[in-house]
Structures are given as C-alpha cells and as structure tokens.
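Hi everyone, thanks for making the time. I'd like to walk you through one model today, starting with the overall picture and then going into the side chains.

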Amino acid sequence: MRRRAGDVPLTEFVARPGERLVDHLSYVARTARSFAEPLGGDIARVAYLVGALHDLGKYSAQFQEHVRGRGVRCSQHAPISALATFRVVRRELGGAGDADLLALLAAEAVRSHHGKLEGLRPLHE
C-alpha cells in the first residue's frame, strides 16, 4: 500500500538524491540568516524563513517520485513554496512596518530561486 505524503515523516523525504530535505532546509535557513545578520533583525529573520521554506514544495509524493527517478514529471516545487513563504513571513512579521513588502520579496525570491529574479518587473513598468 502506498503512503500519502502527509503520512511520511519529513525525515524520509529528499531534496535531491543523497540529501534529506530536512537537512537541506535547515542548512539553507542557517546560511541565509548568517549572510543577512549584518542587515538587522527583521531581514535576518526573513532570510532564515526563506531558507527554511524555499523547497517546501518538495514535500510531496509526486516530487519524491520525480527526484527518485520513477518516471513522474513534477519538478515545479517553487510556486507552492513561494505561497507558503509569503504567508509565513507575513504572519511572523505581524503586519508591522513593511511586512507585506518583505513577504512579497521573500516569496518572489523563493519562486525564482532556480531561475531569473524577474517577477517584480510588471509592478513598476
């Protein structure tokens, strides 16, 4: 019997062959925070969240089949990861100050993390 993604502990999911997803997310979160710490509190906090959530979309049965080479074509994990990032960053910042802007920028960084960061162009054209 096949288990659904929600029934499998996060520790069994992989970011890529040979690397557990939980380890990858933790490493990227800590590294992002360390780079952002000189910029101050909210920025460092947002950087940590971006790192922790950037591959959250890989926590799906379909992506796990894909990454294990089982013939499933499903590599688009960034959109759901970006949506989760927007919601978490916005909630964590509590609507204070530039919370909406920081949440939007964080989500766009996640959405674009395997390509070009060009999603904000229509906002100012």
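This is a predicted model: local features need pLDDT of at least 70, side-chain atom pairs count only at pLDDT 80 or more; totals for chains, interfaces and linings use all residues.

Residues are numbered from 1 along each chain as its sequence is written, and side-chain values use heavy atoms, with hydrogens and water left out.

Now the overview. The protein chain has 6 helices and 2 strands; here helices (H or I, at least four residues) and strands (E, at least two) are DSSP runs, numbered from the N terminus. Going along the sequence, the pattern reads β-β-α-α-α-α-α-α. Of the 125 residues, 34% count as buried. The accessible surface comes to about 8100 Å², and carbon and sulfur atoms own 55% of that; these areas come from the Shrake-Rupley method with a 1.4 Å probe, and for residues only the protein chains shown count as cover.

A word on contacts, meaning heavy atoms within 4.5 Å. Among contacts between residues at least 6 apart in sequence, 51% join residues at least 24 apart.

Let's go inside. Which residues of the largest core touch the most other members? They are Val46, Val50, Val89, Leu93 and Ala106, out of 14 residues in that core. Helices H2, H4 (78–93) and H5 each supply at least two residues to this core, and the largest share, 6 residues, comes from H5. As general background, nonpolar side chains in soluble globular proteins tend to be buried together. If you zoom in on Val89 and set aside its neighbours within four places in sequence, you'll find it in contact with Val46, Leu49, Leu102, Ala103 and Ala106.

Next, take a look at Ile43, which sits in helix H2. Ile43 is partly exposed, at 33% relative accessibility. Not counting residues up to four places away in sequence, Ile43 touches Ala36 and Leu102.

Over to charges. A salt bridge here is a side-chain nitrogen of Lys or Arg within 4 Å of a carboxyl oxygen of Asp or Glu, and the structure holds 8 of these salt bridges. One of them joins Lys58 and Asp55, at 3.3 Å from N to O. Are these two partners buried or exposed? Both Lys58 and Asp55 are buried. Lys58 has a relative accessible area of 4% and is found in the loop between H2 and H3. Beyond four places in sequence, Lys58 touches Phe13, Ala15, Leu21, Phe63, Gln64 and His77.

Arg45 pairs with Asp42, the closest N and O atoms being 3.7 Å apart; both lie in helix H2, 3 residues apart, about one turn of the helix. Arg45 is partly exposed at 35%, and Asp42 is partly exposed at 40%. In H5 (residues 99–111), Glu108 and Arg111 are likewise 3 residues apart, about one turn, and their closest N and O atoms are 2.8 Å apart. Here Glu108 is buried at 9% relative accessibility, whereas Arg111 is partly exposed at 41%.

Now for the rings. Rings of Phe, Tyr and Trp (its six-membered ring) pair if their centres lie within 6.5 Å; planes under 30 degrees apart count as stacked, over 60 as edge-to-face, and the rest as tilted. By this rule we get 1 aromatic pair. Phe13 and Tyr59 form it, tilted, at 4.4 Å centre to centre and 55 degrees between the planes. Phe13 lies in the segment before strand E1 (14–16) and Tyr59 in the loop between helix H2 (41–53) and helix H3 (61–67), so the pair ties together parts 46 residues apart in sequence. Phe13 is buried at 3%, while Tyr59 is partly exposed at 29%.

That's my tour, and I'm happy to take questions.

Terms used: Buried means under 20% relative accessible area, exposed over 50%, partly exposed in between (1.4 Å probe, protein chains only). A nonpolar core is a set of buried Ala, Val, Leu, Ile, Met, Phe, Trp, Tyr and Cys residues joined through side-chain atoms within 4.5 Å.
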